[in-house]
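Here are my notes after a pass through the model you sent over.

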Amino acid sequence: MKVVHVNAEAQRNACLARLCAEVYGQEAGLTPLVVFTGTCSVFFPQEAARLFAAVDGQGKPQALALLVLDEEGEGMTVTHACALDQADSKQRLISELTLKAPLRVEVDNAEQEAFYKKSGIKRWFGGVDGKRIGLGARHPAKSIRELAPTLVLDEALILRRFKHDPKTFEAAKQAFLKGLNDFPQSL
């Protein structure tokens with residue numbers, strides 16, 4: 001398995017659509033579409049997010065992860081990740097990214113924390129609302145006070161735009177569906 005940065009726009013959008021669908025499922029309402037639209041129209045053009053895939057020997061995607069920069073541009077937070085085929089492919093992808101990127105994760109429960117610890121995230125801090133924040137070895141922060149906030153999308157703004165501009169909503173929906181239909185067999 002190797003890790004590839006999915007940078008070509010068509011492949012990136014297709015992989016992002018699949019990632020959002022996998023993470024949120026079919027019962028998530030508009031959330032997958034909002035995250036997809038905001039990431040494609042805001043984060044990718046500003047180079048504030050990167051999409052990575054773990055691929056097998058034939059280039060077939062096995063797992064996907066979206067990393068978003070923090071406000072200082074020093075760290076990258078895993079905001080979305082999923083396995084596509086083998087259950088351990090997500091963990092192998094995160095393990096590889098931990099070695100190469102200034103990685104940060106935020107978790108809600110002990111199961112998620114154990115997953116990331118097994119993936120190589122060794123430094124942990126208590127966050128707000130019971131969240132735990134983990135940092136990879138390459139992350140420059142030495143304490144929780146040194147952590148810059150992760151960039152976030154204004155999801156409410158995107159939803160308002162969808163509500164007030166049906167053409168924008170339809171274009172976003174079609175782009176998302178095209179991404180799902182065009183998911184690459186190899187990268």
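1. Start with the side chain of Gln62, which makes a polar contact with the side chain of Asp56 at 3.4 Å. Keep in mind throughout that this is a predicted model. Gln62 is part of strand β3, which covers residues 61-69. Is Gln62 buried or exposed? Its relative accessibility is 4%, so Gln62 counts as buried, the cut-off for that being under 20%.

2. Who else does Gln62 touch? Setting aside neighbours within four places in sequence, its contacts include Ala54, Val55 and Asp56. Ala83, Leu84, Asp85, Gln86 and Ser89 are also on the list of residues in contact with Gln62.

3. Next, the aromatics. How many aromatic pairs does a search of the whole structure find? The search turns up three. In one of them, Phe36 and Phe176, the ring centres are 5.3 Å apart and the planes meet at 80°, so that pair is edge-to-face. This pair ties together distant parts of the chain: Phe36 sits in helix α2 and Phe176 in helix α6 (residues 166-181), 140 residues apart. Phe36 is buried, at 3% relative accessible area, and Phe176 is buried too, at 11%.

4. Phe162 and Phe169 also form an edge-to-face pair, with 5.3 Å from centre to centre and 70° between the planes. As for burial, Phe162 is buried at 6% relative accessible area, while Phe169 counts as partly exposed at 23%. The cut-off explains the label on Phe169: buried means under 20%, so 23% falls in the partly exposed class.

5. Arg18 lies over the face of Phe183, 4.7 Å from the ring centre. Over the ring of Phe115 sits the charged end of Lys90, 5.0 Å from the centre of that ring.

6. Last, some backbone angles to check. Most residues other than glycine have a negative phi. Glu47, though not a glycine, has a positive phi near 55°. Where is Glu47 found? Glu47 is in the loop between α2 (31-43) and β2 (49-55), and it is exposed, with a relative accessible area of 53%.

7. Asp129 has a positive phi as well, about 55°, and is not a glycine either. Asp129 belongs to the loop between β6 (123-126) and β7 (132-135). Its relative accessibility is 78%, so Asp129 counts as exposed.

Definitions and conventions:
Residues are numbered from 1 along each chain as its sequence is written. Side-chain values use heavy atoms; hydrogens and water are left out. Helices (H or I, at least four residues) and strands (E, at least two) are DSSP runs, numbered from the N terminus. Buried means under 20% relative accessible area, exposed over 50%, partly exposed in between (1.4 Å probe, protein chains only). A polar contact is a pair of N or O atoms within 3.5 Å; within protein, one must be able to donate a hydrogen and the other to accept it, and residues adjacent in sequence count only if both atoms are side-chain atoms. Contact means heavy atoms within 4.5 Å. Rings of Phe, Tyr and Trp (its six-membered ring) pair if their centres lie within 6.5 Å; planes under 30 degrees apart count as stacked, over 60 as edge-to-face and the rest as tilted. A charge sits over a ring if NZ of Lys or CZ of Arg is within 6 Å of the ring centre and within 35 degrees of the ring normal.
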